[in-house]
Amino acid sequence: VGSMPEIVRSYYGEGKKALELGDAATAIRLLEEVKKLYPDFAVVNSLLGEAYLRNSNSGKAIRVFTDLVEHEPDHAGFVRQLAHAYALRGWHKKAIDQYRRALELDEDNLSLWLGLIKCYHRADDLERAIETVYRGVEVSNKKGWDNIELYYHLIQIDILLEEQEEMKKHLEEMKKKAAENEDRENVAWFLKYMAEKIHDVGLYQEAAAAIEAAAE
């Protein structure tokens with residue numbers, strides 16, 4: 001940003017401020033205006049693509065991020081944004097390809113794992129969704145980063161497959177994870193919600209295990 005001409009820096013700054021205030025339309029207008037004269041600044045184009053996404057214009061966002069990825073194929077952030085744009089467009093297979101590509105570049109990024117899992121769900125590929133959750137938990141445990149959101153998916157899969165022993169094991173792991181950070185209350189409310197849903201479908205032992213975990 002510091003290396004950009006002052007006029008570009010000014011438009012970029014105002015566009016970023018507008019986007020932070022939730023005014024995607026103004027951000028788009030400012031960024032499109034400066035892009036006409038200075039089309040090659042990746043940081044400006046990336047912000048414009050983000051503004052398109054916020055404005056529910058996934059088609060234009062796809063064009064922006066496709067161009068950015070072509071110019072910088074090893075930039076995990078641009079690949080992630082392209083994947084997200086495809087997902088919003090409903091093109092799940094293309095989104096999956098890009099999420100997988102982004103994970104090859106940055107496997108420590110939780111949002112990439114979550115995005116890929118959601119895409120598999122939406123593509124009705126539960127088997128791949130399950131594999132991805134397990135793989136994400138394995139990588140995160142090995143590297144020691146916060147993966148509590150992956151456990152949300154893991155518990156739901158255990159319920160779906162009626163794997164009571166696996167669910168108990170994962171609940172114990174989840175409690176330990178929650179105790180290590182400040183997210184304990186959110187985890188407790190999630191488990192309470194899950195316990196109610198499980199109880200409603202007649203899985204009483206699983207419901208009891210979930211509510212006991214929530215109480216602890």
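**Salt bridges, step by step**

Visitor: Why does R128 count as partly exposed?
Guide: R128 has a relative accessibility of 39%. Buried means under 20% and exposed means over 50%, with partly exposed in between. R128 therefore counts as partly exposed. Keep in mind that this is a predicted model.

Visitor: What makes R128 and E131 a salt bridge?
Guide: Their side chains meet at 4.0 Å, N to O. The cut-off is within 4 Å, so the pair qualifies. R128 and E131 are three residues apart in helix α8, about one helical turn.

Visitor: Is E131 buried, exposed or partly exposed?
Guide: E131 has a relative accessible area of 41%. That lies between 20% and 50%, so E131 is partly exposed.

Visitor: How many salt bridges does the structure hold?
Guide: Nine. One of them joins E107 and K143.

Visitor: How do you know that E107 and K143 form a salt bridge?
Guide: N to O, the distance is 2.7 Å. That is within 4 Å, so the pair passes. E107 lies in the loop between α6 and α7, and K143 in helix α8, so the pair ties together parts that are 36 residues apart in sequence.

Visitor: What makes K192 and E196 a salt bridge?
Guide: Their closest N and O atoms are 2.7 Å apart. The limit is 4 Å, so they qualify. K192 and E196 are four residues apart in helix α11, about one helical turn.

Visitor: Which residues do shared partners join into one network?
Guide: E107, D108 and K143, through salt bridges that share partners.

Conventions. Residues are numbered from 1 along each chain as its sequence is written. This is a predicted model: local features need pLDDT of at least 70, side-chain atom pairs count only at pLDDT 80 or more; totals for chains, interfaces and linings use all residues. Side-chain values use heavy atoms; hydrogens and water are left out. Helices (H or I, at least four residues) and strands (E, at least two) are DSSP runs, numbered from the N terminus. Buried means under 20% relative accessible area, exposed over 50%, partly exposed in between (1.4 Å probe, protein chains only).
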